[in-house]
Amino acid sequence: MIGKNAITNYLKFSGHKAIDCKVALIDCDGILFDSMKNHTRAWVKLMKKNGIKCTRDEFYLYEGMTGAAIIKLMFKKGAGKNITDDEAWELYKVKGRYFKELGEVPVMPGAQAMLETLRDAGIERVLVTGSREPSVLERIDVEYPGLFSEKRVTAHDTKHGKPNPEPYLKGMAKAEAKPNQCIVVENAPLGVQAAHAAGCFTVGITTGPIAEKELAKAGADIVFKSMEDFVATLPELIQDFKDTSK
Ligand code: MG
């Protein structure tokens, strides 16, 4: 039982008696698409053009924050400048252009198999992303036809970015599910924090340069070193939810 300890710890911490897994709340960037490389490249280009020093790696840590929040943080940190939300969203449009110029992002190897395994187990798949990037969102139904529920949460539905639990709370509300009826699949520390704060059993998958221990520290109940690793284990984990909850 690969998930036994993780499930036992989750139940102890949350006070729930069982995980009755009916819904998977699934993040987009770094889970469905291998898009973070291009996002971080576009971020660095935007910052350089504005004279702000940065590294690509730091943008992996900010993944999940709203675009405006990232820009405001970087301008404050790198140039001591306070900029308005409107100014930040204008700059975000430029970042979106740079991202698009880098071309179509690849789908995440294994993500299709993950969704099919969840579907075959009768678990509803609900997209929960802080993204408002149309070039990525529009591809979900093209690359993963029929694999997602119509219920979706994007940046257009939320006020707060991750690590605020709002996106996952909204996902749960749309799915009409309680925290112990949902699992979350996330790749970013702030996304894991948001899911954990929403009270869901949180699966962290490292699909970029962030170390596995960072996802555990952020509150992931179980961490996998790759999407393929998660997919190989998922049927056993789903069985563990049932067995541990008897
Ligand atoms: Mg992500």
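User: Hi! How many salt bridges are there in this one?
Analyst: The count comes to 17 salt bridges. Keep in mind that the model is predicted.

User: Why would side chains pair up like that?
Analyst: Side chains of opposite charge can pair when their charged atoms come close.

User: Okay, which residue does lysine 72 form a salt bridge with?
Analyst: Its partner is aspartate 85, and the closest N and O atoms are 2.6 Å apart. Lysine 72 sits in helix H4 and aspartate 85 in helix H5, so the pair links distant parts of the chain, 13 residues apart.

User: New topic: what does arginine 152 form a salt bridge with?
Analyst: That would be aspartate 141, with 2.9 Å between the closest N and O atoms.

User: How accessible is arginine 152?
Analyst: Arginine 152 has a relative accessible area of 17%, and it counts as buried because that is under 20%. Aspartate 141 is partly exposed, at 44%.

User: What about glutamate 166 and lysine 170?
Analyst: Their side chains meet in a salt bridge at 3.5 Å, N to O. Both are in helix H9, 4 residues apart, so about one helical turn separates them. Glutamate 166 is buried at 13% relative accessibility, while lysine 170 is partly exposed at 32%.

User: Which residues do shared partners join into one network?
Analyst: Asp27, Lys162 and Glu186 are joined that way.

Key: Residues numbered from 1 in each chain as written. Predicted model: local features only at pLDDT ≥ 70, side-chain atom pairs only at ≥ 80, totals over all residues. Heavy atoms only, no water. Salt bridge = Lys/Arg side-chain N within 4 Å of Asp/Glu carboxyl O. Helix = DSSP H or I, 4+ residues; strand = E, 2+ residues; numbered from the N terminus. Buried < 20%, exposed > 50% of the residue type's maximum accessible area, 1.4 Å probe, protein only.
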